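Subject: Structure handover

Hello,

Here is the structure for you to look at. Please open it first, then read my notes below.

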Amino acid sequence: MSEILRNLENQTAIITGAAQGIGRAIAERLARAGARVAVSDLNLKAAQATASEIGTSATAIQADVSKAAEVDQMVHALLEQWGRIDILINNAGIVGRDVPVKDLTEADWDQVLDINLKGTFLCSRAVIGPMIDRKQGAIVSIASISGKEGNPSMAPYSVSKAGVICFTKALAKEVIGDGIRVNCVSPALIQTPLLDKIEQDQLDWMTSKIPLGRLGRPEEVAALVHFLASEDASFTTGQCYDISGGRATY
Ligand SMILES: NC(=O)c1ccc[n+]([C@@H]2O[C@H](COP(=O)([O-])OP(=O)(O)OC[C@H]3O[C@@H](n4cnc5c(N)ncnc54)[C@H](O)[C@@H]3O)[C@@H](O)[C@H]2O)c1
């Protein structure tokens, strides 16, 4: 494989929420670059289907990222199988109910924060010890433009993604001397099944704010994540990379 493809041979990667959408595109891309990939998802059947389409370098594994015991068990099982974890992609996430704050329930808030933000913490915590021991690792989390700007009717989602951005910066500084890089990306609207859960007028409003005038593709996010997970990004940590078709210029 040529250098330009950022060879990941002999490396291992966990991608959460990888049964479909952006996570699936990332798993496919990292596998194409030579990595052994864990297609991790709440939905085991869908994860198995995705892993079998990727091929023998892919392993399907079930874990709810909001549950510490399931996350720890997943990482333990993969360490037994692989002996090492080089890359973690915190991708699993939900958008939650599309309602204004006055109508939000405590359960709405907790569900989104538990999966998107606590899940990122739990998965990162589970891999960081073994990464520190080997003085090697890369973590890339999928935040969102809403975590920079705050989208109306999406308060828990926006707050969870702002939390992911700040968690990235805090963790990156903690492990900067341990050979581990921690970054995140902030996509605007990307064409995935997640959009089925958002009201059409909200989608139209979000699309109208993208100067490139179209939705992003999961493969475009995967390309940026691949770069950040690879040694090509060896001088980059604690960053949030924009992938918003020009929506955010900061
Ligand atoms: N699609 C977009 O426009 C967009 C924009 C910005 C950020 N993002 C973020 O990108 C990530 C992926 O989004 P997507 O559009 O591919 O979503 P998607 O709904 O297509 O896929 C999400 C996957 O995560 C899995 N999942 C859900 N809850 C889980 C849990 N508790 N534990 C483990 N897996 C779980 C689902 O089963 C699904 O396979 C999310 O974090 C999302 O917030 C998406």
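A note on naming: helices here are DSSP runs of H or I with at least four residues, numbered from the N terminus. Bear in mind that the model is predicted.

Helix H3

Which residues of H3 are buried? They are Val71, Met74, Val75 and Leu78. Seen down the axis of H3, these fall within an arc of 90 degrees, so they line one face of the helix. The buried residues pack against strands S1 (12-16), S2 (36-41) and S3 (58-62), and against helix H4 (106-134).

Helix H2

H2 runs over residues 44-54, and its buried residues are Ala47, Thr50, Ala51 and Ile54. Down the axis of H2, they fall within an arc of 100 degrees, so they too line one face of their helix. Lys45, Ser52 and Glu53 are exposed, on the face turned away from the buried side. The packing partners of the buried residues are H1, S2 and S3. Just after H2 comes Gly55, with a positive phi of about 120 degrees.

The core

The largest nonpolar core has 67 residues. Those touching the most other members are Ile15, Ile26, Ala27, Val37 and Val39. H4 supplies the largest share of this core, 9 residues. As a general matter, nonpolar side chains tend to be buried together in soluble globular proteins.

Take Ile15 as an example. Leaving aside neighbours within four places in sequence, Ile15 is in contact with Gly23, Ile26, Ala27, Val37, Ala38, Val39, Ser40, Ile89 and Asn91.

The ligand shell

How many residues lie around the ligand? There are 27, and Gly17, Gly21, Gly93, Thr192 and Leu194 come nearest. By type, the shell divides into 14 nonpolar, 11 polar and 2 charged residues. Helix H1 (residues 21-32) gives the largest share, 3 residues.

Loops to check

Lys135 sits in the loop between H4 and strand S5 (137-142). Its phi is near 55 degrees, a positive value in a residue other than glycine. Is Lys135 buried or exposed? Lys135 has 11 other C-beta atoms within 10 Å, so it counts as exposed; the cut-off for that is 12 or fewer.

Gly179 lies in the loop between H6 and strand S6 (180-187). Gly179 and Lys135 are 44 residues apart in sequence, but their C-alpha atoms are 4.8 Å apart in space. Beyond its neighbours within four places in sequence, Gly179 is in contact with Lys135 and Gln136. Gly179 is partly exposed, with 14 other C-beta atoms within 10 Å.

Ser153 also has a positive phi, near 65 degrees, and is a residue other than glycine. Its place is the loop between helix H5 (146-149) and helix H6 (155-174). Ser153 has 19 C-beta neighbours inside 10 Å, so it counts as partly exposed.

Best wishes

Terms used
Residues are numbered from 1 along each chain as its sequence is written. This is a predicted model: local features need pLDDT of at least 70, side-chain atom pairs count only at pLDDT 80 or more; totals for chains, interfaces and linings use all residues. A residue is buried if 20 or more other C-beta atoms lie within 10 Å of its own, exposed if 12 or fewer, and partly exposed in between; C-beta atoms are placed from the backbone. Helices (H or I, at least four residues) and strands (E, at least two) are DSSP runs, numbered from the N terminus. The arc is that of the directions from the helix axis to the C-beta atoms. Two residues are in contact if their C-beta atoms, placed from the backbone, lie within 7 Å. A residue is near a molecule or strand if its C-beta atom, placed from the backbone, lies within 6 Å of it. Ala, Val, Leu, Ile, Met, Phe, Trp, Tyr, Cys and Pro count as nonpolar, Asp, Glu, Lys and Arg as charged, and the others, Gly among them, as polar. A nonpolar core is a set of buried Ala, Val, Leu, Ile, Met, Phe, Trp, Tyr and Cys residues joined through C-beta atoms within 7 Å.
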